[in-house]
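My entries follow in the order in which I looked things up.

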Amino acid sequence: MIKLLEAELHDVKGIKRASFSFPFKTRLEEFKENANLLGFYGPNGYGKSGLIKSFSLLKSWALSQKLEDYVSLIDVEASKLEVVLDYLVEEETTKFFKVLFSFSKEQEAKISYKERNARKFIEVTEKEDFPFLKYWQELDFFPSFIDEKKPYAEFLENGIYQGSKSLLEEFQKGIAELNYLFPLLSEGYRFDLKVEERNAQALFKLFISKDGRIFPLEGESHGLKKLRLLLASLTRLFRDSSSFLMIDEMDEGLFEYLFGALIQLIAERGRGQLIFTAHNLRPLEILSARSFYFSTSDPNNRFRHFSLGKNKNLRDAYLRYLHLEDPLKINLLPARLYEEE
């Protein structure tokens with residue numbers, strides 16, 4: 001099992017320095033057994049997407065993909081960016097590792113690592129010798145699995161697919177995974193598959209059912225499509241403690257209460273790690289305050305926890321802070337809901 005404990009970013013676009021750590025990382029048994037969630041909130045253009053892209057860079061390096069598109073991720077005033085990661089690795093014993101990754105404007109990537117108590121770092125000269133290579137290759141970013149354009153991905157995205165009959169077992173397995181989570185969010189509802197044979201091929205159709213009633217997906221809303229794509233991405237978090245998923249704007253298109261229920265479901269039954277950004281504040285009423293970081297206007301300390309003080313409701317405290325301190329300089333005026341006669 002591999003889990004990220006904390007990270008530090010330097011000279012990522014919009015971020016001079018930022019650090020974050022997962023909550024409860026010092027309570028190791030609890031940390032290892034349960035899902036680890038971190039939510040990032042704040043104004044647009046304050047480093048949240050840069051955080052996601054810096055981890056995407058790690059995966060692209062591990063997969064030997066082109067890195068030229070990541071040069072723009074380096075801060076304009078810097079010659080390189082750095083990512084520092086602290087990992088917990090449990091095999092026969094529990095060990096702790098630190099990994100240093102740097103990427104320059106010349107597209108040169110350097111990486112080194114060491115056990116926590118070791119004096120010297122080991123520089124990686126052959127990518128295959130890097131102990132976290134496979135783990136980095138399997139980092140997930142929603143909705144990256146759709147980009148693969150495999151049959152099941154296309155079927156899940158469009159709700160319909162025409163292809164070989166041999167795909168039936170793969171599609172049934174995928175829908176079974178969806179139905180592990182979907183009924184927990186919407187009681188009694190489930191996804192089902194209808195297959196129409198057409199000579200050597202078959203037409204696969206996805207629909208929702210409840211108590212024997214069928215609800216076709218034709219003309220479905222953006223939110224419902226987003227939900228099933230999210231559920232497909234999230235299933236690994238429920239079976240693999242080493243899974244790591246990052247989602248930018250996770251709440252887009254989802255009803256506030258449903259988004260909160262999804263976050264609560266992951267927290268209660270998940271096993272892997274999730275980092276998400278959002279604007280919907282409902283999760284602030286569900287998770288520990290240590291599970292959230294908020295963007296600041298200071299590029300040298302881009303993310304920080306929010307102090308609750310006497311207020312026990314993080315959502316309420318954060319909204320009051322935004323209203324009273326007005327850090328965004330919006331200068332809100334009282335709304336005129338109607339013209340006086």
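I began with Glu-196, which is partly exposed because its relative accessible area is 24%, between the limits of 20% and 50%. In this predicted model, the side chain of Glu-196 meets that of Lys-205 in a salt bridge, with 3.6 Å from N to O. I then checked Lys-205, and it also counts as partly exposed, at 27% relative accessibility. My count of salt bridges for the model came to 22.

Next I looked up Lys-16 and Asp-75, whose side chains form a salt bridge at 3.3 Å, N to O. Lys-16 lies in strand 2 and Asp-75 in the loop between helix 2 and strand 4, so this pair ties together parts that are 59 residues apart in sequence. I noted that Asp-75 is buried, with a relative accessible area of 11%, whereas Lys-16 counts as partly exposed at 22%.

I turned to Glu-177 and Arg-239, which form a salt bridge with their closest N and O atoms 2.8 Å apart. This pair links distant parts of the chain, since Glu-177 sits in helix 6 and Arg-239 in the loop between helix 7 and strand 13 (244-247), 62 residues apart. Both side chains belong to partly exposed residues, Glu-177 at 28% relative accessible area and Arg-239 at 46%.

For the sheet, I traced six strands in the order 2-1-4-5-6-7, forming an open sheet with antiparallel pairing. Its edge strands are strand 2 (15-21) and strand 7 (122-123), each of which pairs on one side only. Between strand 1 (residues 2-12) and strand 2 I recorded six bridges, and in strand 2 the bridge partner of Ala-7 is Phe-20. Helix 2 (residues 48-62) lies across strands 1, 2, 4, 5 and 6, and runs at about 110 degrees to strand 1.

I then examined helix 8 (residues 256-269), whose 14 residues reach 20 Å from first C-alpha to last, close to the 20 Å expected. Its buried residues are Phe-259, Gly-260, Leu-262, Ile-263, Leu-265 and Ile-266, and what covers them includes strand 3 (36-41), helix 6, helix 7 (222-234) and strand 14 (273-277).

My last entry concerns Glu-187, found in the loop between helix 6 (168-185) and strand 10 (190-198). Glu-187 counts as exposed, at 70% relative accessibility, and its C-alpha atom is separated by 45 Å from that of Asp-298, 111 residues apart along the chain.

Terms used. Residues are numbered from 1 along each chain as its sequence is written. This is a predicted model: local features need pLDDT of at least 70, side-chain atom pairs count only at pLDDT 80 or more; totals for chains, interfaces and linings use all residues. Side-chain values use heavy atoms; hydrogens and water are left out. Helices (H or I, at least four residues) and strands (E, at least two) are DSSP runs, numbered from the N terminus. Buried means under 20% relative accessible area, exposed over 50%, partly exposed in between (1.4 Å probe, protein chains only). Two strands pair if DSSP finds at least two bridges between them. Contact means heavy atoms within 4.5 Å. Axes are lines fitted to C-alpha atoms, for helices over the stretch in contact, and angles run from 0 to 180 degrees between N-to-C directions. The expected span of a helix is 1.5 Å times one less than its number of residues. A salt bridge is a side-chain nitrogen of Lys or Arg within 4 Å of a carboxyl oxygen of Asp or Glu.
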